[in-house]
Amino acid sequence: MKEIILTKQPVELFKILKFEGMASTGGEAKMLIADGQVKVNGAKEIRKRKQIVADDVIEFGGEKFVVHLQA
C-alpha cells in the first residue's frame, strides 16, 4: 500500500488524484470520480469534493493509498 502525505487536512478528493499524478488535470480527476472509478475506505465514492483526512484509504487503478498527516 502506497502512502499519501498531507501537510494539512481535509483535502478534496479530486485534488489528491490530481496532485498525486493519478489524473493529469482536475477535470480528469472529477470525471474519474464521477464514473465510479475511485473508492474511499472500501466504498465507491462519487463526490468530487469529498473531504479526505488522515487514515483514509483511497483505491484507484488497482492500487491502494493510505493518507497520513505530516507531523
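In the predicted model described here, five strands form an open sheet in the order β1-β7-β6-β3-β4, with mixed pairing; two strands count as paired if DSSP finds at least two bridges between them. The edge positions are held by β1 (2–6) and β4 (43–44), each of which pairs on one side only. Because the model is predicted, local features are reported at a pLDDT of at least 70 and side-chain atom pairs only at pLDDT 80 or more, whereas totals for chains, interfaces and linings use all residues. Residues are numbered from 1 along each chain as its sequence is written, and side-chain values use heavy atoms, with hydrogens and water left out.

The protein chain contains two helices and seven strands, assigned as DSSP runs (helices H or I, at least four residues; strands E, at least two) and numbered from the N terminus. Along the sequence these elements follow the pattern β-β-α-α-β-β-β-β-β. The radius of gyration, taken over C-alpha atoms, is compared with a globule rule of 2.2 Å times the number of residues to the power 0.38. For 71 residues, a compact globule would have a radius near 11 Å, and the value of 11 Å for the protein chain agrees. Along the principal axes, the C-alpha atoms fill a box of roughly 35 × 20 × 20 Å. Buried residues make up 37% of the 71 residues, where buried means under 20% relative accessible area, exposed over 50% and partly exposed in between (1.4 Å probe, protein chains only). Among contacts in the protein chain with a separation of 6 or more, 45% are between residues 24 or more positions apart; a contact requires heavy atoms within 4.5 Å.

Within the sheet, β1 runs parallel to β7 (residues 63–69), and five bridges join the two strands. In this pairing, the bridge partner of K2 is F65 in β7, while E3 stands opposite V66. I5 also lies in β1 and is partly exposed, with a relative accessibility of 46%. Apart from its neighbours within four places in sequence, I5 is in contact with H68 and Q70.

On β6 (57–60), the pairing with β7 is antiparallel and extends over four bridges. F60 stands opposite E63 of β7. The two strands form a hairpin with two residues between them, and G61 in the turn adopts a positive phi of about 60°. β6 is also joined to β3 by three bridges, again in the antiparallel sense.

Helix α2 spans residues 26–34, and its buried residues are G26, A29, L32 and I33. These residues lie on the same side of α2, because they cover an arc of only 120° around the axis, the arc being that of the directions from the helix axis to the C-beta atoms. The buried residues of α2 pack against α1 (13–19), β3 (38–40) and β6. Just after the helix, G36 takes a positive phi of about 80°. Between I5 and G36, the C-alpha to C-alpha distance is 24 Å, with a sequence separation of 31 residues.

Leaving aside neighbours within four places in sequence, E12 is in contact with K48, R49, K50 and Q51.

Interactions involving aromatic rings were also examined. The charged end of K30 sits over the ring of F14, at 4.5 Å from the ring centre; this assignment requires NZ of Lys or CZ of Arg to be within 6 Å of the ring centre and within 35 degrees of the ring normal. A search of the whole structure finds zero aromatic pairs, for which the ring centres of Phe, Tyr or Trp (its six-membered ring) must lie within 6.5 Å, with planes under 30 degrees apart counted as stacked, over 60 as edge-to-face and the rest as tilted.
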